[in-house]
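Dear colleague,

I am handing over the structure below, and I would be glad if you kept it open while reading the notes that come after it.

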Amino acid sequence: MAIILDDISRTFSEYLLLPRLTRREQHIDKISLKAPLAKSEGSKASKFDINIPVVSACMQSVSGTNLAIALARQGGLSMIFCSQSIDSQVEMVSQVKAHKAGFVTSGANTKPDSTLASLVELMAETGHSTIPVTLDGSAKGEFCGLITDQDFWEFEDDLSNLVKDHMTPKSDVFFGTEGITLRKANELLHHHKKDCLPVLDAQGNLNSLVFKKDYVDHQRHPLELLDDNKRLSVGAAINTHDYRQRVPALMAAGADVLCFDSSDGFTEFQMDGIEWIREQYGYEIVLGVGNIVTPEGFDYLAKSGLVDFIKVGIGGGSICITREQKGVGRGQASALLDVVKQRDAFYSETGTYIPICSDGGLANDTQIVIALAMGADFVMMGRYFAMTEESPTPKVSINGQMYKPYWGEGTQRAQNWQRYADSMSSRKMMFEEGVDAYVPLVGSMAEVLETTLYKLKSTMLNIGAESLIDFRENAVLTLVSEQSIVEAGTSNVFQFSRKREIDEFDWGT
C-alpha cells in the first residue's frame, strides 16, 4: 500500500516569526542581502553571488529582456524563458549582455546620406536622442560623427536634408579609443562637458558608447549584478529535450547561469542533461536544477556532485494547477523545511553547501520573508514580476483598472509542448498544468522591489540579524491558528476606501 506521512502539508501563511534581541549597533543600512547562487566547498566562497535574494521565474509572461535588465540593475537575476526558439532566447540573452556597465553597444545608428525624415522615425522608434553616424549605418561601422535631436528642428528644417549636413563630424567629436577604462571615459565626459563619448577601435570603427546618464544611473544602483567584463548578469532556462542544441548557443551568447525549467526535477531525464552539460563545459557555468519537494529528491540531485543550486516547489505558484490536475506536490513551507534540513545535513557530512531556491507559493512580502527565514537562500517569483511595468506583456484596461496578462508555462498559451509530451506521443497537449489570467499593474519593478527589500531588512532587525545567514540561524518560527490569523488583521474598526465615504459617514454624537 502507499506510504502515508504523518505530517501535514503546510504553507507559509501558517507561520510567524518570533522577535529576537535587536542590538543598538544594528542599522538597516548595514544589512547585507547577498546570497550564493552556486555551491561552495568547505571554507571556499561561492563562485557566483547575487546581491539581493531574488530571481525572476522562467516564464514567458515574466522574464523578458526589459525585466532582466531592470532586475540586474537592482542586484537580482532573471531567468530568460526557454519556451521559445533557441535563436529568440539567444537574442534576449545577448540584448541583456549588451548592457555593459558604462560601455554600451549602439542600439540605433544612421548613415551620412540618410535623410532627417528617416532619422526622426529612428529616434521615435528607439527612443534615442543621440545617434552615431557610421559609413554603413551599423553599430560597428566606420565612425563619421554624431547627431542629436538638438542638431535640427523637426518642424522647421527641411526633413529631406541629409544627416551629414546637420551632424557633428568626427573631427569635432571628443572620443575615446578601445581599451580605455570606464573611469577615464567618464573623466573625459566630465572634462569636456559632454553627454556621450564614442569609443573607437584602431581602425576608426565605432566600438561602443559611454553616456553621462549611465554614470549617474550606476551611482544610483550600487548593487548592480555584473560579470567580470562589467556587463549585466543574466540567467537562461533550459529543458530536458533540446539542451544539446540550446546550451551551446546560450553559452556563446554569454549566459551566466543555466537553470532547468521543470515542474518535476526528480527524473533521470534531468540527470542526463546535467551530466552532459558538465561533460561538455565542466564547472564553467552555474547550473540550477529542480524542482523537488522531498529530501529524497534533494539527495538524488545533490549527491551527483554536479549541481550548483536546487529549486524547491511543485504546484505552489499562483497560476500553477499541477496539484489540482495530477495530485502531485506539497505545501511550500513543508517542502522547503524538509529540503533545507536535508541540505544542512548534507553540508555537515560532506562540507558542500548547496543553495536552495524557494520557487512558488509566495503570495506577499511577508511570505518572502518567511521563506528566507526557513532557510531558502533566495526566492524565485513569477506573479510578483508579472505585475510590473517591465514584464514583457502588454498593459490591458479592464473596467478602468490596468492589468497585465499572466499565464503559466503549463498552459496551451505557452505552447511548451515538450514539457508534457513523450517521444511516442503526437505532441498534442491533453491537459494543462497552469492557467491563463490577468494580474493588476502595480508600477515599476524598482519601486515594488524597494518596498519588499526594506520590509525584509526591517524584519531582520527584529531578529537581530545582519545577513541572510544570521537570519535563518537566529529565526524562531511558530505555527499559527485560524484565530491568530484573524487576530493579526484589523478588527472592530471601520475602513474607508475613499474620502467621500468618510465625509458622509454618520459619526453620531
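The notes below go from the whole chain to one pair of helices and then to one pair of strands.

This is a predicted model, in which local features need pLDDT of at least 70 and side-chain atom pairs count only at pLDDT 80 or more, while totals for chains, interfaces and linings use all residues. Residues are numbered from 1 along each chain as its sequence is written, and side-chain values use heavy atoms, with hydrogens and water left out.

The protein chain holds 16 helices and 23 strands, which are DSSP runs numbered from the N terminus (helices are H or I, at least four residues; strands are E, at least two). Of its 509 residues, 49% count as buried, meaning under 20% relative accessible area with a 1.4 Å probe, protein chains only.

Helix α2 (residues 86-97) and helix α6 (residues 243-253) have axes, lines fitted to C-alpha atoms over the stretch in contact, that come within 9 Å and cross at roughly 20°. The two helices are therefore roughly parallel to each other, a term for angles under 35 degrees. Where they meet (heavy atoms within 4.5 Å), I86, Q89, V90, V93, S94 and K97 in α2 face Q245, R246, A249, L250 and A253 in α6. These contact residues divide into 6 nonpolar, 3 polar and 2 charged.

Strand β15 (residues 286-292) pairs with β16 in the parallel sense over 4 bridges, where pairing requires at least two bridges found by DSSP, and V289 stands opposite I310 in β16. From strand β16 (residues 309-312), F309 and K311 point one way and I310 and V312 the other way, and all are buried.

Technical notes:
Axes are lines fitted to C-alpha atoms, for helices over the stretch in contact, and angles run from 0 to 180 degrees between N-to-C directions. Angles under 35 degrees count as roughly parallel, over 145 as roughly antiparallel, 65 to 115 as roughly perpendicular and the rest as oblique. Ala, Val, Leu, Ile, Met, Phe, Trp, Tyr, Cys and Pro count as nonpolar, Asp, Glu, Lys and Arg as charged, and the others, Gly among them, as polar. Buried means under 20% relative accessible area, exposed over 50%, partly exposed in between (1.4 Å probe, protein chains only).
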